[in-house]
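I opened my notebook and looked this chain up piece by piece. Here are my entries.

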Amino acid sequence: MTNGNGTPPEGAPPQLNVLAQYTKDLSFENPNAPASLAPQQQQPAINIQINVGANNVGENEYEVTLSIEGKAESGSSVLFSFELAYAGVFRVLNVPQENLHPLIMIECPRLLFPFAREIIASAVRDGGFPPLMLDPVDFIGLYRQNLERAQQQGQPS
């Protein structure tokens, strides 16, 4: 698939295929129900954290995991919290080595995000709350932040 120096042969188009996608871990907690389901005086504070991880699972195949954690609080009371690890296996062919890491860490989670967003919205709704519709994520910005953080800590990206 390469011409010996890690670059694809001339004329071979880049390919990104989704081989599988799945929920690795899902947790939803409604620790103060039924009191948390009562009408609230103010909008809850919602904190969301998103991370992306990837590992090689075969020749030209990568598992990419989108991890999303969130918590809604009203005052000092937790209304709900959730954790989701949603993953996919992707086959990447004919992509130059220098473009491989950004492709895996930006485009793959971008493809997974709408499915993860729906799972979270359903879990929150099934917990008795209005569905939580996450805003779109800037995966390019997240990628750059993670690169900067890794460089500051002296770690390889």
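Entry 1: I began with N94, which is buried at 13% relative accessibility. Buried means under 20% relative accessible area, exposed over 50%, and partly exposed in between (1.4 Å probe, protein chains only). N94 sits in the loop between β4 and α1. Helices (H or I, at least four residues) and strands (E, at least two) are DSSP runs, numbered from the N terminus. I noted that N94 has a positive phi of about 60° and is not a glycine. Most residues other than glycine have a negative phi, and most peptide bonds are trans.

N60 lies in the loop between β2 and β3, and it is partly exposed at 26% relative accessibility. Then I found a cis peptide bond between A33 and P34, with omega about 5°. P34 belongs to the loop between β1 and β2 (45-58).

**Entry 2: ground rules.** This is a predicted model, where local features need pLDDT of at least 70, side-chain atom pairs count only at pLDDT 80 or more, and totals for chains, interfaces and linings use all residues. Residues are numbered from 1 along each chain as its sequence is written, and side-chain values use heavy atoms, with hydrogens and water left out.

**Entry 3: salt bridges.** How many salt bridges does a search of the whole structure find? It finds four. A salt bridge is a side-chain nitrogen of Lys or Arg within 4 Å of a carboxyl oxygen of Asp or Glu.

I looked up E63 and K24, whose side chains meet in a salt bridge at 3.3 Å, N to O. E63 lies in strand β3 (residues 61-74) and K24 in strand β1 (residues 15-29), so the pair ties together parts 39 residues apart in sequence. E63 is buried at 12%, while K24 is partly exposed at 46%.

R91 and E61 form a salt bridge too, at 3.0 Å, N to O. This pair links distant parts of the chain: R91 is in strand β4 (residues 77-93) and E61 in strand β3, 30 residues apart. R91 is partly exposed, with a relative accessible area of 30%.

I also wrote down D126 and R125, at 3.3 Å, N to O. D126 is exposed at 60%, and R125 is partly exposed at 43%.

**Entry 4: along a strand.** T65 is in strand β3 and is buried at 14%. I checked T65 against G75, 10 residues apart along the chain: their C-alpha atoms are separated by 32 Å.

**Entry 5: the largest pocket.** The volume of the largest pocket is about 290 Å³. Of its 19 lining residues, the closest to the centre are Q43, P44, F80, F129 and P130. A pocket is an open set of points on a 1 Å grid over the protein atoms alone, where a 1.4 Å probe fits, with protein on both sides within 12 Å along at least five of seven lines; lining residues have an atom within 4 Å of a point. I sorted the lining by class: 14 nonpolar, five polar and no charged residues. Ala, Val, Leu, Ile, Met, Phe, Trp, Tyr, Cys and Pro count as nonpolar, Asp, Glu, Lys and Arg as charged, and the others, Gly among them, as polar.

**Entry 6: a surface patch.** L16, V18 and L111 make a nonpolar surface patch of about 210 Å². Patch residues have over 30% relative accessible area and no salt bridge, and nonpolar side chains (Val, Leu, Ile, Met, Phe, Trp, Tyr) are joined within 5 Å, like charges within 9 Å. L111 comes from helix α1 (residues 97-126) and is partly exposed at 40%.

Methods:
Accessible areas come from the Shrake-Rupley method with a 1.4 Å probe; for residues, only the protein chains shown count as cover. Grid points are joined across faces, edges and corners, and a volume is the space filled by probe spheres set on the points.
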